[in-house]
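Here is a friendly walk through one model, written for someone who likes to know the cut-offs behind each term. Please keep the viewer open as you read.

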Amino acid sequence: MSLTAAPLAPPLRSPVAHPLAWLLALALAHVLVRVAVSPALKWDEAEQMLWSQQLALGYGAQPPLYTWLQWGVNALVGPSVLALSLLKHALLALTYALMWLAARELLDERGAWWASASMMLLPTLGWYSVRDHTHTILVTAMACGAWWLLLRIVRQPRPLDFAALGLVCGLGMLAKYSFALVAGAMLLAALSVPRARRALLSRGWWWAPLVGLLVVGPHLVWLLSHLHEATASTLGKMEIQAASGPLKGVRHLLQGVAGTLVLFALFALWAFRGACWRGPVQPAAPWAQQLFRRYLALVLAALLAMVLAGVTEFKGRWLLPLLCVVPLAAFAARPGLQRHPRAGRYTGAVVAMALLILLAAGVRPWFSGLRGEVDELNHPAAELGAALSAAGYDGRGPIIAADHMMAGLLRTRFPQAPVQSCSAREGDLPACVAGHVARARAAGQGWLLVSRADRLEPGWWAQATARLPAPAPVRAIELPFRMVRAGTAPAHYQYLWQPPQAPR
């Protein structure tokens, strides 16, 4: 017998018994661990510290929504590791909560919890997003929100839900351009299912495209005039090699899909054994099962078309928003698993994985240090800031760093200073440095040039100072890495601090 509405949940005796309360507690625990473990930054964190100094309609290859949100959090608590961690784990919590809401349209509370928490078994979300991702988290949250609203509309269409769907889809496009593939596959799949098609074409449907266009319109105007800037980096990462044939692309695609889903599949097989495939399929809602199957088929067809077009690289973070619905589709296909005698084993395994990820997040810099492989989080960020202050830097003059990692790190130490990065990869290095120095002098400010040895481009200092009139000597700072084994070589930094010039 198929279900057309979500079963009523049993009343909860206490708010703390609700699974979302524990989700919030887990998010707060991750924030505390990240703040405690290191004041240094990972790659995406440093990028956000650099970009979020100002609001813009676009930031290079990435849409602007995540950076807008980071700008807002920075305004509340200051540009810091705390601000970075608060936003990231709030969005991770939102991702799981939205998938829980989507699953409640089809399953009871246990099944909804499984569908949501099982996304933790997708390594790109469960671990790598905790480790460093930003935009991937946001676009996955919007994908989960779109699924919730789509399932809600199919069950009972309302104009307000159409407007909400348009808002979520517009925000998804502002999160990451790959959301277009998620939304397109969802729309085509829904239109191919009679019940979903009737719901999507019911009264008030036009609110979705109208609101979506209003949300994404201003950035779309910017994108049309910055198309090369917004696409060159992504196309380079996809490694389009039409002449190499499709085999490499197919192999990388299969590796990406398997890497995303295999851990979830193994946990489910361990807990439920043959119940995963034996017996007739009795989905929670036949129309939803049709929708999921056709959506996944369309996604696979689109990915194979990309392979035929010459794409040879498929990263797990690109596949995550496309495949995050797989746990929900799996449990909706066999809702009887919610009453399986081994159901408690699956719940326990997912909880254990959540605690293991929290532990790993806390010990990762020590683990890297013990292996002798210095991680970004081993850099002595606080000590470097103190050393630069002791050397005379006033904390307000513009900072010109040799790479974005150094720029982002120093912004958390000197939040009143404008921070920029200049490198040969980004264009004319001498002109970049000379331009920032000229503006600092015109404003009567001093300026700081700074680099770190492990990310220094060959000849950077010679090029950076090539157009500077009689610069001060370049000085060095040597500091021990944090949380590393004895005998590890120290961190090396170089800087040039030019105090404000007295007016003539």
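## Salt bridges across the chain

Arginine 425 and glutamate 457 join their side chains in a salt bridge, at 3.3 Å from N to O; the term stands for a side-chain nitrogen of Lys or Arg within 4 Å of a carboxyl oxygen of Asp or Glu. The two partners are 32 residues apart and link distant parts of the chain: arginine 425 sits in the loop between strand 2 (419-421) and helix 20 (429-442), and glutamate 457 in the loop between strand 3 (447-452) and helix 21 (460-464). Helices (H or I, at least four residues) and strands (E, at least two) are DSSP runs, numbered from the N terminus. Arginine 425 is exposed, with a relative accessible area of 65%, while glutamate 457 is buried at 15%. Here buried means under 20% relative accessible area, exposed over 50%, and partly exposed in between, with a 1.4 Å probe and protein chains only.

This is a predicted model, where local features need pLDDT of at least 70, side-chain atom pairs count only at pLDDT 80 or more, and totals for chains, interfaces and linings use all residues. Residues are numbered from 1 along each chain as its sequence is written, and side-chain values use heavy atoms, with hydrogens and water left out.

## More charged pairs

Side chains of opposite charge can pair when their charged atoms come close. Where do aspartate 428 and arginine 467 lie? Aspartate 428 is in the loop between strand 2 and helix 20 and arginine 467 is in the loop between helix 21 and strand 4 (475-479), so their pairing ties together parts that are 39 residues apart in sequence. Their side chains meet in a salt bridge at 3.6 Å, N to O, and aspartate 428 is partly exposed, with a relative accessible area of 44%.

Glutamate 105 and arginine 155 form another salt bridge, with their closest N and O atoms 2.4 Å apart. This pair also links distant parts of the chain, 50 residues apart: glutamate 105 belongs to the loop between helix 4 (81-104) and helix 5 (109-117), and arginine 155 to helix 7 (residues 135-155). Glutamate 105 is buried, at a relative accessible area of 8%, whereas arginine 155 is partly exposed at 30%. The structure holds 11 salt bridges, and a network of them links Glu376, Arg452, Asp454 and Arg455.

## Surface patches

On the surface, Arg197, Arg198, Arg293 and Arg294 gather in a patch of positive charge. Patches are made of residues with over 30% relative accessible area and no salt bridge; like charges are joined within 9 Å, and nonpolar side chains (Val, Leu, Ile, Met, Phe, Trp, Tyr) within 5 Å. Lys and Arg count as positive and Asp and Glu as negative, with His and the chain ends not counted; the place of a charge is NZ of Lys, CZ of Arg, CG of Asp or CD of Glu. Helix 10 (194-200) and helix 14 (286-308) each supply at least two residues of the positive patch. Arginine 293 lies in helix 14 and counts as exposed at 51% relative accessibility.

A nonpolar patch on the surface is formed by Val35, Leu76, Val77, Leu82 and Leu86, which together have about 410 Å² of accessible area. Helix 3 (65-77) and helix 4 are the elements that give two or more residues to this patch. Valine 77, in helix 3, is partly exposed, with a relative accessible area of 37%. Accessible areas come from the Shrake-Rupley method with a 1.4 Å probe, and for residues only the protein chains shown count as cover.

## Backbone and loops

Most residues other than glycine have a negative phi, and most peptide bonds are trans. Arginine 273, though not a glycine, has a positive phi of about 55°; its place is the loop between helix 13 (247-272) and helix 14. Methionine 483, also not a glycine, has a positive phi of about 60°. Methionine 483 is in the loop between strand 4 and strand 5 (491-498) and counts as buried at 16% relative accessibility.

Proline 380 is in the loop between helix 17 (343-371) and helix 18 (381-390), and is buried at 1% relative accessibility.

## Overall form

The protein has 21 helices and five strands. Its radius of gyration is 25 Å, close to the 23 Å that the globule rule gives for 504 residues, so the protein is as compact as a globular protein of that length. The radius is taken over C-alpha atoms, and the rule is 2.2 Å times the number of residues to the power 0.38. Buried residues make up 52% of the 504 residues.
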